[in-house]
Amino acid sequence: MMRNLRKRKEETDTIEAIMAVQSGLQTCTDITMLMGKEGQIRKHYYEGFRQLIKQDFAFAKRTKQPPNDPINALLSFGNTMMYQTVLSEIYRTSLNPTVSFLHEPSTKRFSLSLDLAEIFKPLIVDPLILSLINKKNITKKHFDYLEGEVCYLNEEGKKRFIRAWEERLQTSIMHRKLKRKTTYRYLIRLECYKLIKHVIDDEVYKPLKAWW
């Protein structure tokens, strides 16, 4: 998240606020406290995120159920795409998608995909949204409203987002450890493999941190 904010030098106050909350993560004694800190960080992050948007889009705060403006609609749609992509990669491994370590496990939802998606949303979803908006590939005409309150991408907007999404997943970077080019999609599967190694006590899990 801070990596995205650093693209705008004026966001130093937001970054400092996030770092102040981050410094207390090690004091968390249970998952509820940890997710509470995560919520505080995201609140600061979205306050800075709206300053990165070049088009005239209103974005006061994050609203999910339902999204009430174009930015929230994009975030909800992008996060859903992220969950689905992570789930498809989990299915390529021996992990059980209903057994998670952060979000509450449930047989009614694939909570492990929620866990792993937290790593990749700021890395894939958020920069893609900013790119689509700031390059005007998606504009206000690509949104519709239901009863004047629920905002969502129309069919053309979805097509544009999905096309850009697939292109982003196929983007490759040089992997420092593997010494070869790796796509963003395969980075997700590698994260699954790292988790497996942790579970079988082969290697302590260290979440992905972008180096490029």
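1. Start where α5 meets α6. On the α5 side, the contact is formed by Ile124, Val125, Pro127, Leu128, Ile129, Ser131 and Leu132. Facing them in α6 are Phe161, Ala164, Trp165, Arg168 and Leu169. Sorted by class, this contact has 10 nonpolar residues, one polar and one charged. Keep in mind that the model is predicted.

2. Now the geometry of that pair. The helices α5 and α6 pack at an angle of about 130°, and their axes are 11 Å apart. The crossing of α5 past α6 is right-handed.

3. Next, the core. The largest nonpolar core holds 53 residues. Phe49, Met82, Phe161 and Trp165 have the most contacts inside it.

4. The largest share comes from α5, with 12 residues.

5. Setting aside neighbours within four places in sequence, Phe49 is in contact with Leu5, Phe59, Ile71, Asp126, Ile129 and Leu130.

6. Turn to α4 and α7. These two helices pack at an angle of about 55°, with axes 9 Å apart. Angles between 35 and 65 degrees count as oblique, so α4 and α7 are oblique to each other. Their crossing is right-handed. From α4, the contact draws on Met82, Thr85, Val86, Ser88, Glu89 and Ile90. From α7 come Arg185, Ile188, Arg189 and Cys192. The class count here is five nonpolar, two polar and three charged residues. Met82, listed in this contact, is also one of the residues with the most contacts inside the core.

7. One more residue of α4 is worth checking: Asn79. Is Asn79 buried or exposed? The relative accessibility of Asn79 is 7%, so Asn79 counts as buried; the cut-off for buried is under 20%. Leaving out neighbours within four places in sequence, Asn79 is in contact with Arg62, Lys121 and Val125.

Notes. Residues are numbered from 1 along each chain as its sequence is written. This is a predicted model: local features need pLDDT of at least 70, side-chain atom pairs count only at pLDDT 80 or more; totals for chains, interfaces and linings use all residues. Side-chain values use heavy atoms; hydrogens and water are left out. A nonpolar core is a set of buried Ala, Val, Leu, Ile, Met, Phe, Trp, Tyr and Cys residues joined through side-chain atoms within 4.5 Å. Buried means under 20% relative accessible area, exposed over 50%, partly exposed in between (1.4 Å probe, protein chains only). Helices (H or I, at least four residues) and strands (E, at least two) are DSSP runs, numbered from the N terminus. Contact means heavy atoms within 4.5 Å. Axes are lines fitted to C-alpha atoms, for helices over the stretch in contact, and angles run from 0 to 180 degrees between N-to-C directions. Angles under 35 degrees count as roughly parallel, over 145 as roughly antiparallel, 65 to 115 as roughly perpendicular and the rest as oblique. A crossing is left-handed if the near helix is turned anticlockwise from the far one by less than a right angle, and right-handed if clockwise. Ala, Val, Leu, Ile, Met, Phe, Trp, Tyr, Cys and Pro count as nonpolar, Asp, Glu, Lys and Arg as charged, and the others, Gly among them, as polar.
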